Amino acid sequence: MTIAMATVTASKKYSYEEQVGGKSLAEWVDVLHLHNCSQNGWYYRPLRPGAFGYDNLVYTVAAGFESQDRSELGLARAIHQAWAENYRYWRDHQPYLGNKIYFKASKPLGDDRRNLCAQQTFDELPEDEQEKDLVLARCLLSFMSP
């Protein structure tokens, strides 16, 4: 019996195997997730393809490499915009309903904090929320050619 696995984001915008910066988006998810866990003192457990958090990091990497502004702040802005797009998609479409390849987020989507963050630009976010995007921007920058 073969178990189907997600190979694209729930929105169908990105293939997990799409190549950017010499790696697949799936490979970048592991790099960024490990870095994010390390920077925040979190226990590392690989993310599951088809999970909300996995798609967030796919969007993050793609946005970073698509961004014309390769400064730390420019990447953080692009990362936040990508997160907001993916968040709204998952919140509004609930792709985990009716299929077995996308998985419900560990914390319910649609809470006031994340809804507000999804409406705001990076520059409007509180500093603690900005820092989340900056951590990922710095990681991507460390791999990008000048």
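Visitor: What is the volume of the largest pocket?

Guide: In this predicted model, the largest pocket has a volume of about 1,300 Å³.

Visitor: And how many residues line the pocket, and which lie nearest its centre?

Guide: The lining of the largest pocket consists of 35 residues. Those nearest the centre are N36, W42, F52, G53 and N56.

Visitor: Which elements give two or more residues to that lining?

Guide: Five are listed by name: α1 (25–40), α2 (52–66), α3 (72–93), α4 (112–119) and α5 (127–143).

Visitor: Which of them has the largest share?

Guide: The largest share belongs to α5, which supplies seven residues to the lining of the largest pocket.

Visitor: Changing topic: how many salt bridges does the whole structure have?

Guide: A search of the whole structure finds eight salt bridges. One of the pairs is R77 with D123.

Visitor: How far apart are the closest N and O atoms of R77 and D123?

Guide: The closest N and O atoms of R77 and D123 are 3.1 Å apart. This pair links distant parts of the chain, with R77 in helix α3 and D123 in the loop between α4 and α5. The two residues are 46 residues apart.

Visitor: Why does R77 count as partly exposed, and why does D123?

Guide: R77 counts as partly exposed because its relative accessibility is 35%, and D123 does so because its value is 47%. The partly exposed class lies between the cut-offs of under 20% for buried and over 50% for exposed.

Visitor: Which residue does R91 form a salt bridge with?

Guide: R91 forms a salt bridge with D92, and their closest N and O atoms are 2.7 Å apart. R91 has a relative accessible area of 26%, so it is partly exposed.

Visitor: And what about R138, which residue is its partner at 2.4 Å?

Guide: The partner of R138 is E131, with 2.4 Å between the closest N and O atoms. R138 is partly exposed at a relative accessible area of 33%, and E131 is partly exposed at 35%.

Visitor: Which residue is linked with E131 and R138 in a network?

Guide: E72 is linked with E131 and R138 in a network of salt bridges.

How values were computed. Residues numbered from 1 in each chain as written. Predicted model: local features only at pLDDT ≥ 70, side-chain atom pairs only at ≥ 80, totals over all residues. Heavy atoms only, no water. 1 Å grid on protein atoms, 1.4 Å probe; cavity = no way out; pocket = protein on both sides within 12 Å on 5 of 7 lines; lining within 4 Å. Points joined across faces, edges and corners; volume = space filled by probe spheres on them. Helix = DSSP H or I, 4+ residues; strand = E, 2+ residues; numbered from the N terminus. Salt bridge = Lys/Arg side-chain N within 4 Å of Asp/Glu carboxyl O. Buried < 20%, exposed > 50% of the residue type's maximum accessible area, 1.4 Å probe, protein only.
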